[in-house]
Every structure is written in C-alpha cells, then in structure tokens.
Amino acid sequence: MTQDDLFKNIIAHAKEYGFVFPSSEIYDGLSAVYDYGQMGVELKNNIKSYWWEAMVRLHQNIVGLDAAIFMHPKIWEASGHVGAFNDPLIDNKDSKKRYRADVLLEDYLAKQQEKIDKEVEKGQKRFGDAFDRVQFLSTNPNVLRVKEKIDTISQRMSEALHKNDLEGLRQLILDCEIACPVSGSRNWTDVRQFNLMFSTQMGSLNEEANQIYLRPETAQGIFVNFLNVQKTGRMKIPFGIAQIGKAFRNEIVARQFIFRMREFEQMEMQFFVRPGEEMNWYNYWKEARLRWHTSLGLGPERYRFHDHDKLAHYANAACDIEFAFPFGFKELEGIHSRTDFDLSQHQKFSGRKQQYFDPETNESYVPYVVETSIGLDRTFLAVLSAAYTEEHIAEGESRVVLRLPAVLAPVKAAVLPLVKKDGLPQKAREVWQLLTYDMNTQYDEKDSIGKRYRRQDAIGTPYCITIDHQTLEDNMITLRERDSMTQERIPVSAIRSRILEHISLGEALRKI
Ligand code: GAP
C-alpha cells in the first residue's frame, strides 16, 4: 500500500468511526474546516489534558489562561500580523486556480527528492547487501545532479521569500517550468501578498474603526495579559503562561485533511525569562517538548528537529519538531526564542509599560520570551496516523486497530455480555457501573462478540471485558487486551485497579 492510500484509509476511518467529519457536509462541506465527532472530541480532550497537565500541573512556575478570541485590533498591528502575516499567491490564468507560490516550489522540490529516492531504490536492488547508501548518495552522478538542482532552487526560493522578492519567486516558478496541476499550462499571473487574517465587524457600524480580527495565534492573548498574570499570581521570572484555544487563518493551500485548517486549535506556552538567559531556556524547552512527544510511545524515530536558519525578524533562535506524517516529515510544533519583541511592541502601541521588576537584580526590564507552540489538530493527526494499523490476524481474517496510547484512547474499556439473555446484560451493567465513574466505558450487547471486539479495536479501546455464564458463578470476567488480543480471567473486584494502572494520566505524566 502506498503512503497516499494509507492516508486515504486513515481519513475514511476517521469519518466512519466518528472521529472527524467534514464541516457542513450536507451542504457539500466547507473547505479546510472539520468537525470532531463523538470519538474525536474525546481523543482531542485527552490530548489537551495530557498537554495541559504536563505544562501547568508539572511546573510550579507555569499557570494557565483563557483569553478571548476577539482582541483590540491594535494588537495585530503591534504584533506585525496586519503588515506581514502574508502568503505569496499566484493564479493560473487558464484554470483560475490560486496557489501559494512557495508551496508550488516546495512540491516541485519534493518531486526532485522523489527522483533521488528512486535512484537509491534502484541502487539497493542492484547492489543488494553490499549497498552503501552514504557512498551512493555522495557519488552517483544522477543523484548529485538532482541534489545540486534542489540546492540551487531552495537557495533562490529562501532568498526571494526573505527579501519579499515577489518577481523573483515568479521567475523561479517559470524557470522550473512548473505547470498548473489543473490546466497544465504555465500561464501565471504576478505573485501577490495575501493577508491570512480573517476580519469581521464589531458592533452595528460597518466602519473601518470597528474592524476586528479572528486571532491567528493564541500567543498575543498571553502577551497582553502578561502583567495581569504576573501581578495577580505574584509570579517571579522565569515563569510561563499556557493557553489552549482556537486560532483562525485564511489558508489558501488548505489540504492534507486536518494538517492545515482554516479554524484550528493551538496549545501555546510563553515562558518569560531574564534577557540574556533565553538561549538556556530555549534549549531546555526544545528537549522538554521532545520528551513530552516521545512519552506518548509512538516511536522516537517519528520525530526530528528542524532548526530554522532563516529567522523571523523578532527571533534569535527557532526550530520545529517535525513528525513523520503519512505525507512525510512536517511541522508539528514550533519552539521560538522571540526576544522582547512582542512585549516591547505592545509597550509601544499601548503606551503602557510592560516591564518586570526583578527583586534579585533590582532592575526593571522587558522580559525575553521562549515560546512553545503546538497544533492540537496536528497532534491529533499524528497520534491517529501512527496508531492506525491494518493487521492480518489469521487465515482470511484481518482487523483495523487503532493502537492509541491508552491515556489518550477515547474509550478506555468496553463491557460486553456474551449473549443478550440469562442475566448477562444485568451483570454487565453492574460492571459498567463499577468503572464508569473513573473512565469512559462503553456497554455493547449487539452482534457477535467477534464483531464487537473489531468495533472496539477500530476506535482504539485498550480493554474489552466479556461477561459470560461462568461470570455469574465465579464473578470472574475475561479481560482482552487490544494490541496483543490476549485474554485472561480476572475477578470483577480486580478490574478497576488493573485498568486504571494502564490508563491513568498521572502514571503517564510520571514517565515524561
Ligand atoms: N505563536 C506562534 C505560532 O503561531 P506557528 O508556527 O504559526 O507559530 C504553531 O503555529 C503551530 O500551530 C504549528 O506548529 C502547527 O502545529 C499549528 N498550526 C499552524 N497553522 C495551522 C493550520 N492552518 N492548521 C492546523 N494547525 C496549524
């Protein structure tokens, strides 16, 4: 199965089992907007808790915040979003389709990379065990030629983006002979900048003064509350403010399912530090965030750092934690050392001091900030795609199982009476009652037990509890574990603690 097919299967599975639905589906959907269904909302809430508790509960110097989505429009001038939160867009005159110029080029570069991968594959086949990948990559003439092309194009692209050279970007698209995927023509317009913020009007007057924006990041809500939290919480630097909330971006190239959405959720934390100490904290948070990711058990090989060499004007260090999605390694979280840019800008635009008096140094200063910013929906997609497994289990028998980390699974246990009679449903409901105060537990009596196991596998339920006639005699149930499918008999009195041990958020947090 290709990665493309795998991804399609994951999207279909997400819909079939109530994880993610296209928004407004009965009206043919709304591009790049999605709804989370009955399973999706549970998984999403569990991811939120895992992040929130790891950031807020486990750090005495990090507190939470829930700022409003609507904010004073000057905030977005101060932050630079009004002037510079743009994407370079280009239209094809024949298909009338609009593209992000940098994405057209990135796709072109990805195709060149595929050529290299194919050469490697051919080499592997030709040389078998004697194949030396490193040597092959550094000596094969075809690979070297394509690599040089990739380097030249990447260099020109990043220079053009950095200098905001829109004509340079267009020329690069022409030089690469990139055609519109729809019309196949190279009849391109000029490249123009397009602001990504959604705007709306506040109050009844449709005047420019009343124009406000849907926040494109949650971070600014934290910056403008920095002193409120610091003073009322008597926080001492270094300290952090964490927030989970919706953000909105009018993404033009919205694709790859919930990877790039127009309405999405961020989990951000701004860590306020003494000027000059930011690089230590930047390195601290890089490692701490990677540890959080790998603690989910999806496999350390699925993560990598990507350090930015071209930095935004306000940053003095930045990196992404990338995840191996079915469509390749892509950004999952950003860690940025944002200097004192944001607070200084708000000080300037609001005319209010954004300073902290440091009792240890007897000085007042605008703190520096290290930010960790992770997309909730992207984390959801990372977890879902890593968990999705199509498995052959016996002759002519297969299953789709979501090997979700137990702490994140939407349903922790399912109680299944073997048959719908002889007092088994009554006993099963007793067991359900025993568990339901501690964990999300399903009761299911429909269809054969095999079908019910498959249904629970498909939503990633770690444990199934089967009640049979023997249970009525000895008060023992069958506990089936999702991944190994092993079954064992244990007393009803032992189920609760046995399952709690594996699904507990506290236990999972202890392992970070
Ligand atoms: N405050 C910094 C900030 O917003 P960003 O790199 O633009 O930085 C942070 O966004 C994270 O938000 C990304 O790493 C990604 O996980 C998520 N994100 C950004 N745009 C997104 C979109 N259109 N759809 C889904 N998630 C998105």
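Predicted model: local features only at pLDDT ≥ 70, side-chain atom pairs only at ≥ 80, totals over all residues.
Residues are numbered from 1 along each chain as its sequence is written, and side-chain values use heavy atoms, with hydrogens and water left out.

Back to His 336. Is His 336 buried or exposed? It counts as buried because its relative accessibility is 18%, and buried means under 20% relative accessible area, with exposed over 50% and partly exposed in between (1.4 Å probe, protein chains only). Its side chain also makes a polar contact with the side chain of Glu 371, at 2.5 Å. A polar contact here is a pair of N or O atoms within 3.5 Å; within protein, one must be able to donate a hydrogen and the other to accept it, and residues adjacent in sequence count only if both atoms are side-chain atoms.

Now, the ligand. Which element gives the most to the shell around the ligand? That's E13, with five residues. In total, 20 residues surround the ligand, and the closest include Glu 217 and Arg 249; to count as near, a residue needs one of its heavy atoms within 4 Å. By class, the shell has five nonpolar, five polar and 10 charged residues. Charged means Asp, Glu, Lys and Arg; nonpolar means Ala, Val, Leu, Ile, Met, Phe, Trp, Tyr, Cys and Pro; the others, Gly among them, are polar.

Let's look at some atoms. An oxygen atom of the ligand has a polar side-chain atom of Glu 331 2.6 Å away. For Met 261, a polar backbone atom lies 2.8 Å from a ligand nitrogen.

Last stop, Phe 257. You'll find Phe 257 in the loop between strand E9 (239-248) and E10. Phe 257 is buried too, because its relative accessibility is 7%. Setting aside residues up to four places away in sequence, Phe 257 touches several residues, among them Phe 7, Ile 11 and Leu 381, where contact means heavy atoms within 4.5 Å. And how far apart are Phe 257 and Pro 462? They're 205 residues apart in sequence and 26 Å apart in space, C-alpha to C-alpha.

Definitions and conventions: Helix = DSSP H or I, 4+ residues; strand = E, 2+ residues; numbered from the N terminus.
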